[in-house]
Amino acid sequence: MKGTKNLTQGPILKQLFTLAMPIMATSFIQMAYSLTDRAWVGRIGSEAIAAVGSVGILTWMSTSISLLNKVGSEVSVGQAIGAQNEQATRAFASHNLTLSLLISLSWGALLFIFATPIISIYELEPHIAKMAGEYLRIIATAFPFVFLSAAFTGIFNAAGRSKIPFSINGIGLITNMILDPLFIFGLNWGTTGAAIATWLAEATVCILFIYQLKQKKILWDDFRLFTTLKKQYTHHILKIGLPVAVLNTLFAFVNMFLGRTATEQGGHLGLMALTTGGQIEAITWNTSQGFSTALSAFVAQNYAARQISRVLKAYRTTLWMTFIFGSFCTFLFICYGNEIFSIFVPEKAAYETGGVFLRIDGYSQLFMMLEITIQGVFYGMGRTMPPAVISVTCNYLRIPMALLFVSWGWGLPGIWWSISITSTMKGIICLIWFILIKKKALNYQAV
């Protein structure tokens with residue numbers, strides 16, 4: 001099939017790196033959107049960054065919903081390519097794009113209309129809540145670009161063309177980096193300027209994806225972006241993508257609760273530490289997610305082609321790579337938490353509060369990477385339910401655990417320990433689950 005790459009043959013390590021590096025770079029670029037905003041807004045003050053951080057949890061929730069069609073594209077399109085079925089490949093691609101547009105319009109409208117009552121959940125000071133509401137309304141109108149770009153990324157990843165999303169998102173990041181200081185400080189628009197800069201960058205990314213598919217015809221000569229939804233394709237996409245979207249969305253709800261609890265315990269500094277610390281932690285998360293996504297695309301094609309030995313070798317190779325990087329991040333967070341946090345928020349009280357978050361969270365980094373890596377194998381096989389069950393269960397344990405630790409007088413560190421402990425649990429349980437079902441799921445004889 002034109003424009004797609006066959007991952008069922010050839011050197012496994014080279015293919016994984018060829019896929020994973022652009023995906024990781026793309027993830028870092030997407031993370032850099034938020035970190036760029038935080039770095040510039042942090043120069044305004046901790047109150048401004050708390051406002052942006054409160055919206056950050058909602059944009060995280062939105063990104064989680066968009067995973068329905070990102071993962072749906074990676075798995076459904078990848079399996080169709082592996083089965084050499086071009087008609088199904090095109091149909092799954094168009095269905096994922098159509099669904100992403102419909103979902104994004106509905107979700108964006110909901111957040112735009114109810115921005116004020118949603119922000120009130122955090123019980124922020126009125127002037128901070130006002131900044132957050134204005135920021136959220138602008139960002140909500142960009143969701144169609146965000147959701148479509150996620151689906152486009154999934155399609156290109158499934159086709160083995162992960163360098164294209166990397167290049168496109170790189171252009172978006174450069175756009176955002178140029179516009180952020182111009183709008184925030186040059187035009188003196190503050191947090192509103194940061195939101196507009198992000199909006200324009202996301203629109204640029206989406207337009208470039210459409211150009212690649214429709215004008216340059218990278219994957220297919222004649223491709224319809226949108227189509228009338230058919231039950232057989234829609235049902236398969238929802239079966240694959242919905243558990244992933246739900247588990248990540250429920251995760252965001254947990255963070256909303258923890259955000260409110262952090263505000264109660266530490267004021268806007270507590271919320272700032274949780275949200276900005278989470279963005280810094282994304283350095284580890286995005287690295288493991290890059291390898292996991294590459295592993296998912298690799299497994300999808302080889303699983304459909306019944307190349308089971310290649311699936312297992314890729315799984316073991318990826319575990320070693322994530323272990324090495326996870327150990328490095330653990331060292332940095334535990335030993336240099338304050339220094340890392342001060343890069344984004346130079347106020348002493350802010351980076352000391354955030355440094356405690358990074359030190360405690362650092363103990364769970366290896367286990368978090370273990371969980372996300374094994375998710376890639378599950379997703380590639382089309383078995384998205386086990387990771388969803390593990391993630392939802394452990395994430396919701398954070399709420400009673402945080403409340404218990406706070407009741408013991410641990411304050412903000414109690415909330416941070418609830419996050420670290422449950423992340424560790426997810427990694428261990430995910431590994432045990434995969435070991436128990438591996439032989440049946442892959443239908444292989446041990447070699």
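**Working through the model**

Analyst: Trp417 lies in helix α15 (residues 412–442), where helices are DSSP runs of H or I with at least four residues, numbered from the N terminus. This is a predicted model, in which local features need pLDDT of at least 70 and side-chain atom pairs count only at pLDDT 80 or more, while totals for chains, interfaces and linings use all residues. Residues are numbered from 1 along each chain as its sequence is written, and side-chain values use heavy atoms, with hydrogens and water left out.

User: Which residues make the nonpolar surface patch?

Analyst: Tyr363, Leu404, Trp408, Trp410, Trp417 and Ile421 make a nonpolar surface patch of about 600 Å². Patches take residues with over 30% relative accessible area and no salt bridge, with nonpolar side chains (Val, Leu, Ile, Met, Phe, Trp, Tyr) joined within 5 Å and like charges within 9 Å.

User: Changing topic, how many salt bridges does the structure hold?

Analyst: The structure holds 4 salt bridges, a salt bridge being a side-chain nitrogen of Lys or Arg within 4 Å of a carboxyl oxygen of Asp or Glu. Among them is the one between the side chains of Glu134 and Lys130, at 2.8 Å from N to O.

User: Where are Glu134 and Lys130?

Analyst: They are 4 residues apart in helix α5 (residues 126–140), so about one helical turn separates Glu134 from Lys130. Glu134 is partly exposed at 33% relative accessibility, whereas Lys130 is exposed at 55%.

User: And what about Arg260 and Glu264?

Analyst: Their side chains meet in a salt bridge of 3.6 Å, N to O, and both residues lie in helix α9 (residues 231–304), 4 residues apart, about one turn of the helix. Arg260 is partly exposed with a relative accessible area of 32%, and Glu264 is partly exposed at 49%.

User: Last one: at what angle do α7 and α8 pack?

Analyst: Helix α7 (residues 163–186) and helix α8 (residues 190–215) pack at about 155°, with their axes 8 Å apart; the axes are lines fitted to C-alpha atoms over the stretch in contact, and angles run from 0 to 180 degrees between N-to-C directions. α7 and α8 are therefore roughly antiparallel to each other, a term for angles over 145 degrees, with under 35 being roughly parallel, 65 to 115 roughly perpendicular and the rest oblique.

Conventions. Accessible areas come from the Shrake-Rupley method with a 1.4 Å probe; for residues, only the protein chains shown count as cover. Helices (H or I, at least four residues) and strands (E, at least two) are DSSP runs, numbered from the N terminus. Buried means under 20% relative accessible area, exposed over 50%, partly exposed in between (1.4 Å probe, protein chains only).
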